[in-house]
Structures are given as C-alpha cells and as structure tokens.
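Student: Please give me a close look at one part of this model. Keep it brisk, and then connect that part to other points worth checking.

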Amino acid sequence: MRRTTVEPLRIHWDVPTDGGGQAKPTEKYKLGALDMGEITDFVKEAEELGVDSLLFGIGHYLPDPVPIIAALTQQTERVKFMLAYRPGLLSPTLFTQIVNTLSWMSDDRLALNVVAGISVAEQAGYGDFLDHDQRYARAGEFLHILREFWEGEVPQTFDGHHYTIKDAELHLGYKGGKRPEIYISGASEVAQQTALSYGDCWMRYGDTPEGMRQASLPLIEGGCRVGTRMHVLARETREEALAELAELMGDPDVEHEAWIREFVKNVDSEAVKTSFRLADQASGKWLSPYIYTGAVPYRGGPALCLVGSYQEVADYLFQYKLAGISEFIFSGWPTRPEMRTFFTHVVPLIRELERNAQPQS
C-alpha cells in the first residue's frame, strides 16, 4: 500500500547579530558592536546542524541585515537566509534589485520576512509616521510590486496610495526565474489578510497549540502555511530544564524591565500586545505545563519559552504540527548552545514522531 508523505516541521533559528545570543533573559543586550567572526561561526555551525534557514532581524538596535547576509552567502553552501525587512525604508524597485542580487550570491537560498513595524517611536526615527493599518496597506502595495517584478511584468508602472513608479525595469531577475518565499509577521486581522494575499507563511509570536490553532484557522483554510517564533530550553530531564530556567531567571534586572515596559507603551503591534496579554493571563508564569512566560517582561514578544525534557519538547512540538503549525523560528539563552542541543537531541525525536505518524493510503 502506498504511503502518503507528511511534510516535516521546518525549523529555523534566529541569529543574534546584536550580541544578545549570549545574554540571559534578565540581562541587557550587548549593544554597539558587530562581531562578524562570531556570526560567521554561528552560521557555519547552523549549516552543519541542518537548520532550515536563519532569521536576520531588523531594528534600530541591530546592524542592517542585508550586507551581513551578503557576506555570509560566500561562507556557506546549504543553509538558507531569512531576511527581515520593513516596507517604507527602501523603494520597492531598489529592494527587488537587492533581493535579486542576493539570490544570485546565495544560489537561491533566500526568504523574506516582511515586518510592518512594531513601534510608532522607532518608525518615526526612520522618518515613517504611518499608523499600524496604513503600514500594512503600504506593505500590500510593496509586495504587489515585488511580485509583479518576479512574475516578469516589465517595464512596470504602478500608481498607488503609497508608491508610484513609472516604466521600472530590472535586468537582473531573481535566480532561476523564481522568487523568494515570503513570510508575513503580525497577529492582527490586517496582517493575516496580507499573508493570505501575498505571503507563503504567516508568522506570529508563540501561544499554546490550541491558541495557535484557533488564531490560524482562517490562514490554514486559505491555503497559507502558519509558523510561530519563540524561545526553547530543552534538557535531558524536565528537572534539569527547570533548574536551568530558575538560574537564568535569578537576580532580575529591574532597570531593563522598566525600559521594556516604557518601550511597549509606544508599541502598536498586535503581536507584541498579545504576547504581553498571554503573560499577564498565565498562571504562575506558565501558559501551559510547557510554555513559560516569565521572560516576556524582559525580552518582549519572542520570549515565550518552550521548556521541558528533550522528549517533552518534541512531543509538544508535534502537538503544534497536529494543530496545523508547520514552521518554527527558535532562539535560546544562550542561543548557540541551545541550537546545538535542540538539533542534536530534540530534532531526531521530532523526526521519529513524524515517521511514526505517516498515514496509509
């Protein structure tokens, strides 16, 4: 009898280009330096471990991801790069030109994570004064123009509310006549609609499998993949994991918590607000027996943390798969050793669960 293949969970990892990958959740990030040697070593190890793709974030506290990815394409052969970028910083024509160039430099190992922005104050620093929904409307126009270029519509003329271009041509297309996979981040309804219209995968911050399933149903039914971003802490036993978590969360940095609280006041992102609401609703800082929320006040939305033994973490991730969630972007404290631990001990257990669940047809 023929066996029908179930697609494996795709596991991505966040690259700490700000040096924060070595910080505890209660400590401040190391700012003001860029260590390309450390980043290169991180990425090379990720490639050896079999990480699907590596997320390079964007923000005023980070170096720009484009030149970093460009350099790393020449140091790697297999691992993919997920470029986070915000519509509004560059013209869509120039941005397409940059992405097309990276596609050739990387041999088509590129994906886009389109982020509309989370902070009114930060956006203002870049000269952007649009509100939340307007930013997503602009993102729609931005992505429409990009897709037209990749589908061969040149010369391209577009007259929209946010962008106007006339007779635009690019002589270097995306390698192979393809386009990058597009990940749309956000938790709001307008973010979901943008993902359905222009994305391959909708990404939002973590929740329980049940919570993710409920929020994701319109996307899943619309044929869009769904993924989530969170932290993970896995050890051989649950007791070891909880002991390490207690050590990490000891001696909290009250000053940094106050800074985060002040930053969140200027946030209009539904994704960030949802993470803080989940943390406030959690019983004893646990959203479920395996989802810890205690680091959210120090690290924000991505800091919901999946905690447990190797087997517990694998089993819980499989529950997400059963709920329709197909992709994860992880990070850890410190993130490089956690990546090594996760891919060495947890991923083989996930693959075994997937093999055992292969349906008959």
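Tutor: Buried means under 20% relative accessible area, exposed means over 50%, and partly exposed lies in between, using a 1.4 Å probe and protein chains only. Helices (H or I, at least four residues) and strands (E, at least two) are DSSP runs, numbered from the N terminus. The model is predicted, so local features need pLDDT of at least 70 and side-chain atom pairs count only at pLDDT 80 or more, while totals for chains, interfaces and linings use all residues. Residues are numbered from 1 along each chain as its sequence is written, and side-chain values use heavy atoms, leaving out hydrogens and water.

Start with strand S5. Its covered face holds Gln156 and Phe158. Thr157 and Asp159 sit on the uncovered face. S5 covers residues 156-159 and runs antiparallel to strand S6, residues 164-168. Three bridges join S5 to S6; strands count as paired if DSSP finds at least two bridges between them. Aspartate 159 is opposite threonine 164 in S6. Four residues separate the two strands of this S5-S6 hairpin.

Now step back to the loop between H5 and S5. Proline 155 sits there. The bond joining valine 154 to proline 155 is a cis peptide, with omega about -5 degrees. Proline 334 is in the loop between strand S13 (327-331) and H13. Such cases deserve a look, as most peptide bonds are trans and most residues other than glycine have a negative phi.

Two phi values also need checking. Aspartate 107 is not a glycine, yet its phi is positive, about 60 degrees. It lies in the loop between helix H3 (92-106) and strand S4 (110-114). Lysine 285 has a positive phi near 75 degrees. Its loop connects helix H10 (270-281) and strand S10 (286-288).

The buried residues of H6 are Ala191, Gln192, Thr194 and Ala195. They lie on the same side of H6 because they cover an arc of only 160 degrees around the axis; the arc is taken over directions from the helix axis to the C-beta atoms. These buried residues pack against helix H5 (132-150), strand S7 (181-185), strand S8 (201-205) and helix H7 (209-221), where contact means heavy atoms within 4.5 Å.

Helix H12 (310-322) and helix H13 (335-356) pack at about 50 degrees, with axes 9 Å apart. Axes are lines fitted to C-alpha atoms, for helices over the stretch in contact, and angles run from 0 to 180 degrees between N-to-C directions. H12 residues in this contact include Tyr310, Val313, Leu317 and Phe318. Among their H13 counterparts are Phe342, His345, Leu349 and Leu353.
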